[in-house]
Structures are given as C-alpha cells and as structure tokens.
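Subject: Structure handover

Hello,

Here is the structure I said I would pass on. My notes on the ring contacts and the ligand surroundings follow below it.

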Amino acid sequence: MKLVDHFQYGLNSPICLTWELTYACNLACVHCLSSSGRRDPRELTTAEAKAVIDELQRMQVFYINIGGGEPTVRPDFWELLDYAIAHDVGVKFSTNGVKLDKARAAQLAATDYVDIQISMDGATPEVNDYVRGPGSFDTAITALENLAEAGFEKPKISVVMTRENVDQLDEFKAIADKYGAQLRITRLRPSGRGADVWDELHPTQAQQKQLYDWLVAHGDQVLTGDSFFHLSAYGDALPGLNLCGAGRVVCLIDPVGDVYACPFAIHENFLAGNVRDEGGFKEVWEHSELFTELRQPQTGGACASCDFFDSCQGGCMAAKFFTGLPLDGPDPECVRGFGEQMLADRDDETVIPKSDVDHSRSAPRNSRAPKQPTMLSLAPPPRRPDRACDESPLAGFSPTAEQVPAPVAGS
Ligand code: SF4
Ligand code: SF4
C-alpha cells in the first residue's frame, strides 16, 4: 500500500495537528480563519494544556503546529513550548512576530525541535497592512531580522495568497532568501472572517493559473501543504499532499479543547469532540463518529467523472462548505470553471454556513464595502497567525515501513 493510501483511511495519530492555544490576538486580520481577537474565558488552563501534551507524547505525535489567535500573547506560551519539547513533541508555531525581540530570538535559536512561521500577506507594507493592519509588515520584518541575527535556521514566511499579492510571489521569495527563511504559501479559504472577504480577495481564475505556473517553476523551493492540489487539474500534479486530510491526518484542537476535522472547518458539522471529554484527545481521534465517517472511501460525487479527479480530488471540503456548495461537488475555485458556475447559481434559498465561533473584537468587514484599510484597535501592531495544514504533512516524512503509522483501528 502506498503511503498516501494509508492517509486515506486515517492514521493512529495525526501528522498535521494544529493547536490553537488562544483566540486572543493583538491584530484583527480581515481573513482570520478562526475569527480571533478576544480571549475565550474557557480556554484550556496550563495544567490542562500540559495534560494534552502528555497525551500527544503517548500517541507519538512527533510535532504540532501551534497557532491562535496570536499564541505568544498567552502568558504561559513559553512554558508550554518548553514542556512540549521536553516531552518529545516538536513545535512549529505561527506568529505575527510581536514577541520576537532579540532576546527571544536568541533563546529560540538555542532550542531544538522548534520552528517558526512568520505571517506576512504582502511583500510590501501597503499590500500586507491592508489585510493584516497598520505596522504589521514592519513587525514581521523586525522578527525576521532578529531571528537571522540570532542564527535561527530557516524560519518560514507564511503567506496567504490573495488577489492583491499573487503578483508579488517573486518578491516574497526574495524576502525569504534575504533572511535565510523558507517561503510557505497557503490558500485563502472562506473560513472565519475569511468568509467576509473571500469574494473580494480570492485569486481570480487567471491568477490561479499564474500561481500554478509559478509553483511548477518554483514548487521545490516553497512549502504548500494541501493548499493547491485543486490546481493540479491544470496539468502536472503539484508537490504536496494530494488529498483532503481532514479527520484522517489533519485536525484542529481549538483553545477551549474542541477537536475539529480541520483548522479551516470550525463549525459544528466538523466538531468531533473535546479533549476534556472522557478518553481525551485519543478517544476523539480514534473513535469519534465524525472522523470514522471521514475515513470511509469517498465517491467523488459530481467530480468523479472529471478527467482530473485523480489529482484534484474535487478540492477543499472547507472551501465548498463555507461557500454553500455541496461537499461532493466541485471546489469553488475549480480550474474548469464549474465551481464558479455553481457559485453564480446560488440563490436566496442557498444556505451558506457561518462558523459557530467568533471572537472578533469588531464587526466583520463587509466585503462589498469600498476598499479600506484594516481597522485596528489601539493595541500595538501584529496580527493573528495563520493556521493550517501548514506545509505538506509529507515534508520530511520518510515512508519507511517503521515510520508509517498503522491505520486507525476499525478503519
Ligand atoms: S478541508 Fe480543505 S483545508 Fe481542510 S484538510 Fe481538507 S483540503 Fe485541507
Ligand atoms: S470538476 Fe471537480 S475534479 Fe474536475 S477540476 Fe473541477 S473540482 Fe477538480
């Protein structure tokens, strides 16, 4: 059985686990997929978070993606980071850079098993700050400078691709090269506050082709995770995970301990359980009804007859769900234009689900409103990290027999 076939049926433990430690954030990015801003008073305590780490260690989860909100604003963030590493759980955390001063950069450079993703959604302040807020570009650059000066090796620059920044791909790459970083690009999904700006900001059809061509030329140098497998329908398959791993190899633990199938699917339909429930995370991962269902063979639905189904797989479940399209049909950004047609065919009867969770500090921006800068509170710069099936779960994963986790029991 090929490695990817194991993924279809789920693994003993997730290899792409995102853990959002807090909904608190000093920024208010317009596309924040977890609608972060204010802390939730029910957030896991330090002791509860450590108990989850203990459980992940027992499950042999080798690394986790920590995000938020802005995880570093949680007072116990550094304590939890050290605790995870001491318990054999490597950490990659996403940050806007707000806490990465010279001293912290030096500390991180001296720590093994930690990786850092600095979020940046424009290669210039004008483009970046329009989405992430005034001052956020400078904060990200300062963090990169501090990391480079401290000798931190190969941090990531994490970019959500939008209509405004597709033309800047080469510039992003130049910034990454300048600071000894690696570029990671992800797809804008209509999740959280991203739903409010998706119409305005998601790349046009022409830009998707532009992005595909750029990835064909540079894909071996950038990380993409499962963001762009729907673009493989343009021709050659792109590097990265070529399937939706939700509930199979991907999942999210949110700040209050809820476990969702995917970081981009914070909705009750994709809620599998809570780490505070009896049996903890392991029970949810192995036996929840939702994850069991997601690990069943998929039919492909309306996409099954498409010549490109093998590489495209019908695209992203979350993108379909939050645009009101059927989960067994084409992706809203289907390169053959079927998704666009289906979006146009939606009417007043179409239910477009909204995320159940919203910790925004202010009302969402109306995507039809005239273009204007992001509204920020008086809080200091930076932002909210991005999330997600970050880079490819396959990256650095050697498919030797010993390393392939067994399929989940019962699947
Ligand atoms: S729903 Fe989309 S973002 Fe989530 S795992 Fe599937 S393809 Fe990735
Ligand atoms: S029809 Fe479906 S499988 Fe074919 S390209 Fe579009 S989304 Fe992909």
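**Rings, charges and the ligand**

The charged end of Lys209 is placed over the ring of Tyr234, 5.8 Å from the ring's centre. Please keep in mind that this is a predicted model. Another charged residue, Arg189, lies over the face of Phe264, with a distance of 4.2 Å to the ring centre.

Next, the contacts between rings. The count of aromatic pairs is eight. One of these pairs is Phe270 with Phe321: the ring centres are 4.8 Å apart and the planes meet at 80°, over the 60 degrees required, so the pair is edge-to-face. Phe270 and Phe321 connect distant parts of the chain, being 51 residues apart. Phe270 belongs to the loop between β9 (258-260) and β10 (271-274), whereas Phe321 belongs to helix α13 (residues 317-321). Both Phe270 and Phe321 are buried.

Phe321 also pairs with Phe322; here the centres are 5.0 Å apart and the planes are again at 80°, so this pair is edge-to-face too. Phe322 is buried, as is Phe321.

Elsewhere, Phe77, Trp78 and Phe93 make up one aromatic cluster.

Finally, the ligand. Ligand 1 has 12 residues around it, and those that come nearest are Asp226, Cys244, Cys262, Cys316 and Ala318. By residue type, the shell around ligand 1 consists of nine nonpolar residues, two charged and one polar.

Regards

Conventions:
Residues numbered from 1 in each chain as written. Chains lettered and ligands numbered in written order. Predicted model: local features only at pLDDT ≥ 70, side-chain atom pairs only at ≥ 80, totals over all residues. Heavy atoms only, no water. Near = heavy atom within 4 Å. Nonpolar A, V, L, I, M, F, W, Y, C, P; charged D, E, K, R; others polar. Phe/Tyr/Trp six-rings, centres within 6.5 Å; stacked < 30°, edge-to-face > 60°. Helix = DSSP H or I, 4+ residues; strand = E, 2+ residues; numbered from the N terminus. Buried < 20%, exposed > 50% of the residue type's maximum accessible area, 1.4 Å probe, protein only. Lys NZ or Arg CZ within 6 Å of the ring centre and 35° of its normal.
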